[in-house]
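The following dialogue shows how one may read the features of a structure step by step. Please keep the sequence and the model in view while reading.

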Amino acid sequence: MVIKVRFEGPIKDAARSEGEDIKLEGTNVGQLIGALADRYGPRFKEFLIDEETGGYKEGILILSGGRRMDLDTELEEGQELVFIPAIAGG
Amino acid sequence: MGAKKIFSVDSRLCVGCKQCELVCSLTKTGTFNPHKARIRVTRNQVKGNYVPGICYHCKQPKCQQACPEDALKRDIETGAVVLNESLCSGCRACVVACPFGAVQVDPDGNILKCDLCGGDPTCVKYCSERPENSSPLMANPEGAKALQYVEPHQVTYTRRYAQL
Amino acid sequence: MYGYGEILRIDLSSGDISTEPIPSQVIRKYVGGEGINDWLLWQHFTKVDPKIDPKGPDNVLIAGLGPLGGTATGLGSKMKFTFKGPAWNMFGDSVAGGTFGTAMRYAGYDHIVVTGRADKPVYIWIDDDKVEIRDASAHWGKGVKEAVKGIRDELGDTDMSVACIGQAGENLVSYASVTVTEERSAGRTGAGCVFGSKNLKAIAARGSKGISVSDPKGYLEATDEIYHRLKSDPTHWGFRKNGTLGVVGFYDRIGGNAYRNNQFSMVPPEKIKVMLARWFADNMKTHDFACSTGCTMGCCQICEVKGHESPLAERYKGLTGEGPEYFTVATFGMGCDIPDYAAITHFHHACNDYGMDLGEIGGAVPFLMELWERGIIDEEDTKRWCGEPIRFEWGNVEAVEKTIQSVGLQNDRLGEILKDGLVKAAQNIMEEKDVPVQQYVIHGKGGATFHEEIRSFPIWALNFAVASRGCDHLKGLNMMDKGFRKDISKAWFGSEKAGEGYTPDLKGKAAARSENHTTAINITGVCVFRTALNPLNIDLDLMARAYTALTGIELNGEELYLAGERTYNLEKAFNSRLGLRREDDTLCDRWMKEPIKEGPGKGMKAEDWFDDLLDEYYEYHGWDKKTSLQTRKKLEALDMVDVLEVLENEGAATE
């Protein structure tokens, strides 16, 4: 299926890309990240995933329609995902 | 072994946090006191940005030439121009002679002179690492710092000073 | 004593100046910074009736910076002013970066307590042991920039740290701020008004004594660990690069922005595009910069308006200095619908120069704009109010310009209407127009206004309703529901539920614990932005370790948390003495009753879960659910029997 990915803030720097429409073999977010790491290199995955726990690093968010996607969340054809660090303040 | 390392300063990356002053005074005096730091960050009153003022350990040090007590000597190991405090009379000839204002006097009248921490400057170690393109003026890479301690051919922004 | 300075007392009525050490048992209980400020406030109001007029001479003004402030943790130095707040007539405190707090500490004073009222305008000059009250008549009536320059020239030091008020503070605008050099603002709750009410224009400080350190090697080891942890947090690069401006884009994705007086929570995409941090970095930013001593994050930015980068840039050509923060973008950019960084930056500077809380003024203009849109006010009104028929249409920069000026100078009816905050302004307008307008004021506890969508984020909503200093995000700063931080929720409560977005689950507990945690950070003197937003990264144990190395006083993370909780309870107790109860912990009608119109939180409104979460919140704090009052049991457990006695005498505590 085709998934639209968009990168924000430092994740964009890590990917060296604004995002793209990617054709995915797998079905969930974890598999998507694996596929993206193949494209953008290991730095991208290191940036997002905690090696020890296998989960997201602190503050890393993958959102769809404003809602958090976990690594095992199943994806749908044409879904748009935003990779973004969570911050607040003012 | 390559040439001796020297300071490199790029004020475009200085955020004015003065962490360098704090760790310098901590290392040298055991207190947090910018007035006792061997490095001084000053604010450009017009543009609002900050400039770290460091000792360049010049090739022909004016401070050394001016010292009547012969208290300033180059350390062969590190290349630093080092003050021998036991010889220093506190006359401040070095303070006046330095073209960069890099020799300081503390509130008690002691002369403060950078000695490169014996070849591993603490200020450089704790200088803030900046994110990619933190300074649009220079489009810096991730991790770049205002203060670097590098071999002479790696110096960029402060090269003209280092030749003095 | 390692790591600590003294308390400096200055009475402006008598001119008496004295110093005293901080009692060691007070350090043990409240650590420093906000904690000892609060203790000094409490002490003052055991001798003075807390119900006094906060604009009167009996109020007290306390400035303080915690022990880790001015040292090299790499996390910055945030000082606090504490007082009875004239803005909402309750506990008041206001925080700022800048260099003043550290200068004060280097001069040997951790806390300055100013009482009384000078009979003519004065400023205080602190130069190590020399403390003088000096004539400020030459600087009175001037904006902050000009006054600071004048004071620096007079004292012969162009780097002198100065905390200074503008015309708004002199004119007793209830939400006047204090601007701390260079351009940092102690914005909320009216610190500037307390300055003005004491005829105090500024406090200038310079110090050469420094801060002694118990264990320099151990301290640097703690700093090494902080550096290491910061680097392991992937979000920190973004924060270093964009600071709070990064929030614009993030909130856009989660429906967290408030547009046009929070009638909407999504800003049109073409407008968001030019308010993103990226736009600012590409077009206006020249440098990153650290707002306070020892902050290696350096999340602030210096900018320059060249004149061609945006539709309004020509008008503000040549403007240089600090860039705006998210709050400024939220109020002027989104609230007033002026999506133009040149204009936003100009308003940011104007508020800091007149010395007023840009949050309150940035709430006032959108409110008036909504009234205009609804046809409640028109050109006849504005002509009557300020002599010019200003049109309060969305996006009109003239309306903002005039409002800031009128409030600052207090020279017309418009300024007078807005002088005591937005809730009072709505009353004023209602009396004039005989139409109810209160429902269009976006505010929380006490009446403070705020521009962020919170109906879909119950932790933030609750924090805004209960904060000890009135509607605000900095008392219980956290990222659990806005950042979907299931990991923090799991670590704190053994359940991920507080980290699940758009639900009320566990959010009451999360709000309560966030308050204690954030206060624990504030009492140390470092900035809350990294530490409170990502408490798993820089935890309290690590901060306690740096504290112990600095002071030689044994402290662990748990004890630090407890001192934070104690401090927050002191603020609560202060408000209880003023008669604040459960019914005061509330939000405005729009947040309570109107459902969100669009975006991820569509349909959510606070009243659906508010009461249940308040119960949960009080319960977690150990306070009485019915009244919100503190219980004997809780205060005894916190070793605050002295506070309990005062409260019990006044019927402000429960069994």
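Q: In what order do the six strands of the open sheet in chain C stand?

A: Strands of a sheet pair through backbone hydrogen bonds, either parallel or antiparallel. Strands here are DSSP runs of E with at least two residues, helices are runs of H or I with at least four, and both are numbered from the N terminus; two strands pair if DSSP finds at least two bridges between them. In chain C the order across the open sheet is β2-β1-β6-β3-β4-β5, with mixed pairing. This is a predicted model, in which local features need pLDDT of at least 70 and side-chain atom pairs count only at pLDDT 80 or more, while totals for chains, interfaces and linings use all residues. Residues are numbered from 1 along each chain as its sequence is written, and chains are lettered from A and ligands numbered from 1 in the order in which they are written.

Q: Which strands of this sheet in chain C stand at the edges?

A: The edges are held by β2 (17-21) and β5 (90-96) of chain C; each has a single partner strand, so one side of each is left without a neighbour in the sheet. On average, neighbouring strands of this sheet are turned by 20 degrees against each other, direction ignored. For such angles, axes are lines fitted to C-alpha atoms, for helices over the stretch in contact, and angles run from 0 to 180 degrees between N-to-C directions.

Q: In which sense does β3(C) pair with strand β6 of chain C, parallel or antiparallel?

A: β3(C) and strand β6 (residues 109-115) of chain C run antiparallel and are joined by four bridges. Within β6(C), C:V113 is the bridge partner of C:I62. β3(C) also pairs in the antiparallel sense with strand β4 (residues 79-85) of chain C, over three bridges, and there the bridge partner of C:I62 is C:T82. By contrast, strand β1 (residues 6-11) of chain C and β6(C) pair in the parallel sense over six bridges, with C:I10 and C:V114 as bridge partners.

Q: Which way do the residues of strand β3 of chain C point?

A: In β3 (residues 61-64) of chain C, C:L61 and C:A63 point one way, C:I62 and C:G64 point the other way, and all are buried. A residue is buried if 20 or more other C-beta atoms lie within 10 Å of its own, exposed if 12 or fewer, and partly exposed in between, with C-beta atoms placed from the backbone.

Q: How does the radius of gyration of chain C agree with that of a compact globule, and what does the chain span along its principal axes?

A: The radius of gyration is taken over C-alpha atoms, and the globule rule is 2.2 Å times the number of residues to the power 0.38. For 655 residues the rule gives a value near 26 Å, and chain C, with 23 Å, agrees. Its C-alpha trace spans about 60 × 60 × 50 Å along the principal axes. Chain C has 28 helices and 18 strands, and buried residues make up 67% of its 655 residues.

Q: Which domains does the assignment give for chain C?

A: Domain bounds come from an automatic or database domain assignment. For chain C this assignment gives domain 1 (6-206), domain 2 (234-446) and domain 3 (454-536 + 556-654). The C-alpha centres of domain 2 and domain 3 of chain C lie 27 Å apart. Their contact takes 20 residues from domain 2 and 25 residues from domain 3 of chain C, where two residues are in contact if their C-beta atoms, placed from the backbone, lie within 7 Å.

Q: How many helices and strands does chain B have?

A: Chain B has five helices and nine strands. Buried residues make up 46% of the 164 residues in chain B. Its C-alpha atoms fill a box of roughly 45 × 35 × 30 Å, taken along the principal axes.

Q: Where does chain A touch chain C, and how many residues are in contact?

A: The contact joins 22 residues of chain A to 34 residues of chain C. The elements of chain A that give two or more residues to this side are β3 (60-64), β4 (67-68) and β5 (80-85).

Q: In what order do the five strands of the open sheet in chain A stand?

A: The order in chain A is β2-β1-β5-β3-β4, and the pairing is mixed. β3(A) and β4(A) run antiparallel and are joined by two bridges; in β4(A), A:R67 is the bridge partner of A:S64.
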